[in-house]
Amino acid sequence: RADRPHGHGLSSSHNSSGGSTLLGYIGIDTIIEQMRKKTMKTGFDFNIMVVGHSGLGKSTLVNTLFKSHVSRKSAGWARDEKIPKTVEIKAVSHVIEEGGVKMKLTVVDTPGFGDQINNDNCWEPISKYINEQYEKFLKEEVNITRKKRIPDTRVHCCIYFISPTGHFLRQLDTEFMKRLSHSVNIIPVIAKADTMTLEERQEFKQRVRKELEVSGIEFYPQKEFDEDMEDKSDNDKIREAMPFAVVGSDKEYQVNGKRVLGRKTAWGIVEVENPNHCEFAQLRDFLIRSHLQDLKEVTHNIHYETYRAKRLNENGEYYNQ
Amino acid sequence: MIERPETAVPSIAQRNLEGYVGFANLPNQVYRKSVKRGFEFTLMVVGESGLGKSTLINSLFLTDLYSKDYPGPSQRIKKTVQVEQSKVLIKEGGVQLTLTIVDTPGFGDAVDNSNCWQPVINYIDSKCEDFLNAESRVNRRSMPDNRVHCCLYFIAPSGHGLKPLDIEFMKRLHDKVNVIPLIAKADTLTPEECQLFKKQIMKEIQEHKIKIYEFPDTEDDDDNKLIRKIKEKMPLAVVGSNVVIEVNGKKVRGRQYPWGVAEVENGEHCDFTVLRNMLIRTHMQDLKDVTNNVHYENYRSKKLAAVTCNGVDTSKTKGQLTKSPLAQMEEERREHVMKMKKMEAEMEQVFEMKVKEKKQKLKDSEAELERRHEQMKRNLEAQYKELEEKRRVFEEEKANWEAQQRILEQQKLDASKTMEKNKKKGKIF
């Protein structure tokens with residue numbers, strides 16, 4: 001990324017499209033620097049939702065992703081809470097800082113999803129929550145006197161945890177993803193991947209991908225939103241590798257003289273960030289290091305706009321009657 | 001409810017023998033007879049799909065019950081819970097075992113899993129009923145024992161606790177079959193997580209008063225120590241695999257990960273060996289005995305009590321459950337005959353009454369007819385009289401009229417005569 005103006009390189013280029021060749025350095029490219037400074041000052045919001053039935057390591061994974069205890073683990077139900085009878089939505093916010101950049105991270109947890117005997121419509125509270133956030137944003141936007149910066153509580157990304165059965169997707173998984181893939185970015189991951197050997201993992205991934213295709217579930221990054229060839233080729237590579245088989249851990253162990261995050265079993269230590277052991281590193285790079293902004297943009301430009309158009313059309317019809 | 005029978009307290013005095021009699025050979029005779037007959041064992045596996053049930057069965061019995069030619073339920077998605085049975089004949093050291101594996105594909109896989117335990121309960125009950133019918137038959141030559149001797153329940157290794165589905169299922173089945181809970185895919189958990197998870201599960205099992213299979217105490221001290229060790233490890237955390245991998249020059253069965261090999265038969269890696277020893281090598285006979293003496297007897301007494309309570313006043317039969325069925329049948333027959341007699345007498349009465357009524361009705365209608373007849377006659381006479389009257393009047397009138405006509409005629413004649421006279425006289429003028 002540009003930290004310093006190129007200066008002379010620009011003025012001697014004659015292939016600028018149509019316009020006049022620059023006779024000296026103007027400094028237009030410092031706008032990138034200005035934007036960076038602004039972003040650093042204001043910081044930005046990121047809202048991530050984790051969905052999956054209990055015991056799949058959702059909280060552990062979020063803690064591992066953001067390398068801090070942002071999600072409270074429920075180590076035992078009997079300790080303070082029973083399994084909730086309906087799906088609850090719990091949103092916890094933290095502010096984390098790295099390299100001068102502040103991020104307000106909100107983790108939305110959904111305890112009780114898929115845990116009952118009868119799980120009909122357990123996606124409804126989640127769908128309602130997502131639409132409520134869009135509604136809040138819409139109201140703020142439509143106001144006459146708007147706030148300078150509308151607080152963004154919309155869910156930018158929903159990580160759906162697939163149980164590592166090794167056979168097929170469950171009915172509940174396909175139902176949930178079908179219904180929510182049009183209102184939020186869904187990233188499916190295979191949880192607790194240390195249950196499966198590498199061959200089992202590959203087979204399972206193939207099967208899951210095929211099933212997702214057959215059911216018409218468009219997970220993030222969606223094919224229809226690829227803007228240009230570069231995007232398409234990058235995203236194609238990612239789509240081939242999804243769903244990522246991840247392992248989460250917040251304990252450190254000593255391996256070959258290095259301290260690594262991992263899980264210690266009687267036959268070896270599973271290293272979380274070792275790409276030979278699991279795909280956590282890939283998920284993290286994809287989610288945070290390359291596509292974080294894209295997630296927000298897709299949510300804002302596409303999902304939110306769809307919701308807004310639907311709402312305004314409803315209102316319009318109401319008035320026209 | 002019948003509880004486990006305790007070892008009988010010997011009340012007969014023991015005598016010492018003065019020579020060798022030879023009945024110490026009895027166990028050998030029993031052994032030889034049973035080896036000739038062969039053994040039967042039915043094992044049921046229940047759990048959500050993907051928990052490694054088929055792999056575990058293959059590992060336990062070292063056969064490919066589900067192979068590429070006969071794909072097991074794991075290769076097919078089920079929409080409803082089915083109960084499938086596969087039989088396999090295993091021979092080892094001259095002993096023959098007919099092993100029946102009952103699988104329940106589709107359990108817990110749907111979105112709405114209410115009553116997914118019902119097909120399982122129906123299956124177990126139907127097998128007990130088959131045995132009951134076979135036992136009650138006149139010809140009991142062959143009594144195949146298809147009752148479910150043991151149910152392995154697979155718990156998903158979430159690390160948290162039991163799911164509501166697990167608790168519901170075990171609560172409903174713990175008094176019908178021996179339930180042994182297992183933690184499936186135990187290589188997901190680290191040793192500490194496994195300990196915590198086991199403790200949590202046992203706590204919840206006690207909380208909900210679920211009666212899982214308990215190992216009987218034996219008189220042998222060594223055995224007791226082993227049993228206590230097994231009890232501490234419950235529920236057993238198992239890993240299944242039939243793939244042979246080479247580790248340190250040894251060939252072991254296990255799962256190959258990039259970070260190591262999880263050995264199936266290594267006691268420190270998982271409790272598979274404990275399960276295998278317990279299930280096959282030490283407690284198979286006890287499982288069958290408990291099924292026969294406790295679960296089957298419970299089923300039988302419940303079923304028979306329900307049958308005898310029908311048709312008889314329930315308040316009378318509260319203390320009569322131990323009556324022999326033959327006496328019960330006699331009583332029933334007598335009651336039936338009495339009922340029939342009563343019904344007959346009643347019907348006779350009703351018949352008599354009806355006959356009387358009919359007679360009365362007939363009499364009434366006869367009287368009625370007579371009366372009408374009289375009345376009609378009188379009417380007729382009255383009419384006749386009237387008519388006579390009228391005729392008389394008419395005759396009178398006729399006579400009058402005729403008389404008048406005659407007079408008129410006469411007058412006319414007279415008038416015409418005088419006219420003639422007058423005419424003649426007139427002409428003279």
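Me: Which residues in α3(B) meet which residues in α4(B)?

Reply: This is a predicted model. In it, B:Val120, B:Ile121 and B:Ile124 of α3(B) meet B:Phe169, B:Arg172 and B:Leu173 of α4(B). Helix α3 of chain B covers residues 118-136, and helix α4 of chain B covers residues 164-173.

Me: Why is α3(B) called roughly parallel to α4(B)?

Reply: The two axes cross at roughly 20° and come within 11 Å. Angles under 35 degrees count as roughly parallel, which makes α3(B) roughly parallel to α4(B). The crossing of α3(B) past α4(B) is right-handed.

Me: What else does chain B hold, by helices and strands?

Reply: Chain B has nine helices and nine strands. Of its 429 residues, 35% are buried. Among the contacts in chain B with a separation of 6 or more, 68% are between residues 24 or more positions apart.

Me: What makes β7 and β9 of chain B edge strands?

Reply: Three strands of chain B form an open sheet in the order β7-β8-β9, with antiparallel pairing. Strands β7 (244-247) and β9 (260-263) of chain B each pair on one side only, and they are the edge strands. Neighbouring strands of this sheet are turned by 70° against each other on average, direction ignored.

Me: How do you know that β7(B) and β8 of chain B pair?

Reply: Two strands pair if there are at least two bridges between them. Four bridges join β7(B) to β8 (residues 250-257) of chain B, and the two run antiparallel, so by that cut-off they pair. As one point on these strands, B:Glu246 stands opposite B:Lys251 in β8(B).

Me: Turning to chain A, what makes A:Asn274 buried?

Reply: Its relative accessible area is 17%. Buried means under 20%, so A:Asn274 is buried. A:Asn274 lies in the loop between β9 (268-271) and α9 (280-290) of chain A.

Me: What does the side chain of A:Asn274 make a polar contact with?

Reply: The partner is the side chain of A:Glu271, at 3.5 Å. The cut-off for such a pair of atoms is within 3.5 Å. Separately, the C-alpha atoms of A:Asn274 and A:Gly262 are separated by 9.4 Å, and these residues are 12 residues apart along the chain.

Me: Why does A:Gln133 count as buried?

Reply: A:Gln133 has 3% relative accessibility, and the limit for buried is under 20%, so A:Gln133 counts as buried. A:Gln133 sits in helix α5 (residues 124-142) of chain A. Not counting residues up to four places away in sequence, A:Gln133 touches A:Thr153 and A:Arg154.

Me: Why is β5 of chain A described as largely enclosed by the rest of the structure?

Reply: Five of the five residues of β5 (residues 186-190) of chain A are buried, so the strand is largely enclosed. A:Ile186, A:Pro188 and A:Ile190 point one way, A:Ile187 and A:Val189 point the other way, and all are buried.

Me: Which strand is joined to β5(A), and by how many bridges?

Reply: Strand β4 (residues 157-162) of chain A is joined to β5(A) by five bridges, and the two run parallel.

Me: What do the buried residues of α6(A) pack against?

Reply: They pack against β1 (44-51), α5, β4, β5 and α7 (198-214) of chain A. The buried residues of α6 (residues 171-180) of chain A are A:Leu172, A:Asp173, A:Thr174, A:Phe176, A:Met177 and A:Leu180.

Me: How do you know that β3 of chain A pairs with β1(A) and with β2 of chain A?

Reply: At least two bridges are needed for pairing. Seven bridges join β1(A) to β3 (residues 101-109) of chain A, running parallel. Nine bridges join β2 (residues 90-98) of chain A to β3(A), running antiparallel. Each count meets the cut-off, so β3(A) pairs with β1(A) and with β2(A).

Me: How many residues lie between β2(A) and β3(A) in their hairpin?

Reply: Two residues lie between them, and A:Gly99 in the turn has a positive phi of about 60°. Within these strands, A:Ile96 has A:Met103 in β3(A) as its bridge partner.

Technical notes. Residues numbered from 1 in each chain as written. Chains lettered and ligands numbered in written order. Predicted model: local features only at pLDDT ≥ 70, side-chain atom pairs only at ≥ 80, totals over all residues. Heavy atoms only, no water. Buried < 20%, exposed > 50% of the residue type's maximum accessible area, 1.4 Å probe, protein only. Polar contact = N/O pair within 3.5 Å; in protein donor to acceptor, adjacent residues only side chain to side chain. Axes fitted to C-alpha atoms, helices over the stretch in contact; angles between N-to-C directions. Parallel < 35°, antiparallel > 145°, perpendicular 65-115°, else oblique. Left-handed = near helix turned anticlockwise from the far one by under 90°. Contact = heavy atoms within 4.5 Å.
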